[in-house]
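Please look over the sequence and the model, then read the points below, which are grouped by topic.

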Amino acid sequence: MTLDRKLEWDWFPGTVPDNVLVHDTAYVETTYSFLLFRSAAPEAIRLGRGSSIYLGVMFDLGPDARVHVGDFTLMNGSRIICDSHVTIGDYCLISWNTVLMDTYRAPVSPAARQVLLKEAVRHSPRRVEATEPARPIVIGTGVWIGFDSCVLPGITVGDGAIVGARSVVTQDVPPYAIAAGNPAQIIRQLDPDESRRATTRAIEQFKSSKS
Ligand SMILES: CC(C)(COP(=O)(O)OP(=O)(O)OC[C@H]1O[C@@H](n2cnc3c(N)ncnc32)[C@H](O)[C@@H]1OP(=O)(O)O)[C@@H](O)C(=O)NCCC(=O)NCCS
């Protein structure tokens, strides 16, 4: 990032907002990701060490919203709709077309939506302001969220869990569970000890391939 908060490789003529903290080793493909960013919170977004924010990621943040992306987490084409707080742990893989939303922004009542849509006309760009309270989302360490999935307000996805492609997560996912479908159901439980042993084996293999 340059001193005036531009990205040297950017195709979009934007800047990284002042209250977005980008670790020196994090990668942001384009400032287009901040087109819908409106948060005035201090440290509204923190992008951890070695994290990657690729094309199509959209940070749609309301005035008080905060998002934390953990170390070495990779996001590609995902949308975060946040009015409260979305925390994504370290070593997560968040695939394309995923939506993490801590707010629906629109009321269930058709009459109330009508008021909201009329009000939207008074803004430029036209937007629907949240009327419903937001509920934070927490994504643990080492989570993989498959493509086209949606995580709804108030959900926690536990460490090491996997969300299958095209799932709608309506309930918390326990650590090391694989959840899939609409609504997402647990299809399998991973063994955390085996996962840790596999990590150790992978690190050892990597080291020996380098020596
Ligand atoms: C979730 C996932 C990892 C499960 O893989 P798996 O453990 O090998 O699971 P299986 O293929 O053995 O399927 C187990 C059961 O779950 C079902 N299932 C698997 N994935 C599902 C999904 N995404 N939605 C609904 N059901 C699913 C299978 O139909 C099967 O059901 P059955 O027992 O009734 O036959 C994989 O299906 C998936 O969705 N991967 C995400 C891929 C992705 O998004 N890649 C993007 C690049 S980062």
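Two strands, β18 (177-180) and β19 (185-189), each supply at least two residues of the shell around the ligand. The model is predicted.

**Ligand surroundings**

- There are 14 residues around the ligand, and those that come nearest are S95, G146, G164, A165 and A180.
- By type, the shell around the ligand holds 7 nonpolar, 5 polar and 2 charged residues.

- Strands β18 and β19 pair in the antiparallel sense, with 4 bridges between them.
- In this pairing, A177 has Q189 of β19 as its bridge partner.
- The hairpin has 4 residues between the strands, and G181 there takes a positive phi near 100 degrees.
- P183 also lies in the loop between β18 and β19.
- The peptide bond that joins N182 and P183 is cis, with omega about -5 degrees.

**The sheet of 8 strands**

- β18 and β19 belong to an open sheet of 8 strands with mixed pairing, in the order β2-β4-β7-β10-β13-β16-β18-β19.
- The edges of this sheet are β2 (27-28) and β19, each of which pairs on one side only.
- β2 and β4 (residues 52-53) run parallel and are joined by 2 bridges.
- Across this pair, Y27 stands opposite S52 of β4.

**The sheet of 6 strands**

- Another open sheet has 6 strands with parallel pairing, in the order β1-β3-β6-β9-β12-β15.
- Its edge strands are β1 (20-22) and β15 (156-157), and each of them pairs on one side only.
- β12 and β15 are paired in the parallel sense over 2 bridges.
- T156 in β15 is the bridge partner of V138.

**Nonpolar core**

- The largest nonpolar core has 45 residues.
- Which of these touch the most other members? They are V67, V157, A161, V163, V169 and A179.
- Leaving aside residues up to four places away in sequence, V157 touches I139, G140, V143, V151, V163, V169 and V173.

- S124 and P125 are joined by a cis peptide bond, whose omega is about -5 degrees.
- P125 sits in the loop between helix α1 (110-120) and strand β12 (137-139).
- Y91 is not a glycine, yet has a positive phi of about 55 degrees.
- The loop that holds Y91 runs between β9 (85-88) and β10 (93-94).
- Is Y91 buried or exposed? Y91 counts as buried because 20 C-beta neighbours lie inside 10 Å, and 20 or more is the cut-off for a buried residue.
- N97, a residue other than glycine, has a positive phi near 65 degrees.
- N97 is placed in the loop between β10 and β11 (99-101).
- N97 has 16 C-beta neighbours inside 10 Å and therefore counts as partly exposed.

**Helix α1**

- A120 is part of helix α1.
- A120 counts as partly exposed, because 13 C-beta neighbours lie inside 10 Å; a residue with 12 or fewer would be exposed.
- The contacts of A120 are R126, R127 and V128, not counting residues up to four places away in sequence.

**Overall form**

- The protein has 2 helices and 19 strands.
- How does the radius of gyration compare with that of a compact globule, and what are the values? A compact globule of 211 residues would have a radius of gyration near 17 Å, and the protein has 18 Å, so the two agree.
- Along the principal axes, the C-alpha atoms fill a box of roughly 60 × 45 × 25 Å.
- Of the 211 residues, 34% count as buried.
- Among contacts with a separation of 6 or more, 29% are between residues 24 or more positions apart.

Methods
Residues are numbered from 1 along each chain as its sequence is written. This is a predicted model: local features need pLDDT of at least 70, side-chain atom pairs count only at pLDDT 80 or more; totals for chains, interfaces and linings use all residues. A nonpolar core is a set of buried Ala, Val, Leu, Ile, Met, Phe, Trp, Tyr and Cys residues joined through C-beta atoms within 7 Å. Two residues are in contact if their C-beta atoms, placed from the backbone, lie within 7 Å. A residue is near a molecule or strand if its C-beta atom, placed from the backbone, lies within 6 Å of it. Ala, Val, Leu, Ile, Met, Phe, Trp, Tyr, Cys and Pro count as nonpolar, Asp, Glu, Lys and Arg as charged, and the others, Gly among them, as polar. Two strands pair if DSSP finds at least two bridges between them. The radius of gyration is taken over C-alpha atoms; the globule rule is 2.2 Å times the number of residues to the power 0.38.
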